[in-house]
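Welcome! Please take a moment to look over the sequence and the 3D view before reading on.

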Amino acid sequence: MQDQMIDNLLKRRTVEASADFSARALARIKGSEAAGESVDYSESVDSIINGNLRRYSVRASSDFCAKALRFAVDGEKPALFKSIIAAFSSFAAAAACLVVAFMPVPQVDKPAVSEEDFVQVSNLSSQIDSIANLIAEHEVINTIGVK
Amino acid sequence: MLEKQIAPQDTMSAQGNAAPDEDARLMREIADGSERALALLIEKWKNPLINFIYTSTGDFQLSEDIAMTVFSRVYNARGSYRAQAKFSTYLFKIARNEIINQFRKSKTRPMETSDIEDVYVPAPKDAVAECKDIEEAFSRALAALPERQRTAISLLVREELSYAEISEVMQESVPSVKTLINRAREYLRAALKEFQTR
């Protein structure tokens, strides 16, 4: 009952956008476009990388890749599972390289990160998530012995 | 590619596939230069977006300002947008990044306290006043939640995202998201315990 009350209270806390919000938003977008303003995606990329490190820092520990690869070549494991572990290890390594590539460098004129870079990082992050979910599923399947 | 067999509640939001293709279609039209599609997209998502931001900032004008920035970012990425996930996931992820950026720039953070006594409001005897105080107590308790807990429970309850989608928005694992939501509920339950219906 309490949770239902909390949910109802949360849903009741709504605000309405100003009547002219849409017009102002469009004007801002068009104004920025006309002014030729470029967008620096550095902070967005930092956020994605930090999120991945936070989620996978345990799995991406210094020994994990080596352990995972040794585990993968163990002949007792199904070939598909080995492939997934190996793929995840590769992605973990790729993520680490991504971190190094985009690590903030203490220089005065740091170049802006482009939209293309942001999209690439975002896509790689989604792929890492997908691989990690597959790994987790197969670990569960392996644990409960389902063939 | 393997077919994933995952429990439905972990992947499908309560809205299910509510017009996901419509958002992808609008983004394609925006990429083709359609101002009408851009206006439709803003009109459709302005309230959910502003409400999501407002939950964290508590400042209506700031929330609208951040929402405009989010729409600008979406527009700027129109050429490279790929509908790999639900548009709401994409939109709220950008919004959360912008909220965090705003907090860093202004060093303005919502009140975060773990001391429930700071937000505890005794139950009144008058039923009408009781309603108002429940909401006041809830507002104070919500503002006192750590940002991650507040964001997680807001995305689950108000935006009706699935755990997997919330995980994507917040860049947290699904177990972390569930923990955040459980903790948020525990905290809010404690804050509202005097208003519990007997």
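## Chain A at a glance

Keep in mind that this is a predicted model. Chain A contains six helices and zero strands, and reading along its sequence gives the pattern α-α-α-α-α-α.

How much of chain A is buried? Of its 147 residues, 21% are buried.

Now turn to helix α3 (residues 35-57) and helix α4 (residues 60-76) of chain B, whose axes come within 8 Å and cross at roughly 135°. That angle is why α3(B) and α4(B) count as oblique to each other. Their crossing is right-handed.

Which residues make this contact? On the α3(B) side they are L38(B), I42(B), K46(B), L49(B), I50(B), I53(B), Y54(B) and T57(B). From α4(B) come F60(B), L62(B), S63(B), E64(B), I66(B), A67(B), V70(B), F71(B) and Y75(B). By type, the residues where α3(B) meets α4(B) are 13 nonpolar, two polar and two charged.

## A mostly covered helix

Further along chain B you will find helix α7, spanning residues 147-157. This helix is mostly covered, with nine of its 11 residues buried.

The buried residues of α7(B) are Q149(B), R150(B), T151(B), A152(B), I153(B), S154(B), L155(B), L156(B) and V157(B).

Note on methods
Residues are numbered from 1 along each chain as its sequence is written. Chains are lettered from A and ligands numbered from 1 in the order in which they are written. This is a predicted model: local features need pLDDT of at least 70, side-chain atom pairs count only at pLDDT 80 or more; totals for chains, interfaces and linings use all residues. A residue is buried if 20 or more other C-beta atoms lie within 10 Å of its own, exposed if 12 or fewer, and partly exposed in between; C-beta atoms are placed from the backbone. Helices (H or I, at least four residues) and strands (E, at least two) are DSSP runs, numbered from the N terminus. Axes are lines fitted to C-alpha atoms, for helices over the stretch in contact, and angles run from 0 to 180 degrees between N-to-C directions. Angles under 35 degrees count as roughly parallel, over 145 as roughly antiparallel, 65 to 115 as roughly perpendicular and the rest as oblique. A crossing is left-handed if the near helix is turned anticlockwise from the far one by less than a right angle, and right-handed if clockwise. Two residues are in contact if their C-beta atoms, placed from the backbone, lie within 7 Å. Ala, Val, Leu, Ile, Met, Phe, Trp, Tyr, Cys and Pro count as nonpolar, Asp, Glu, Lys and Arg as charged, and the others, Gly among them, as polar.
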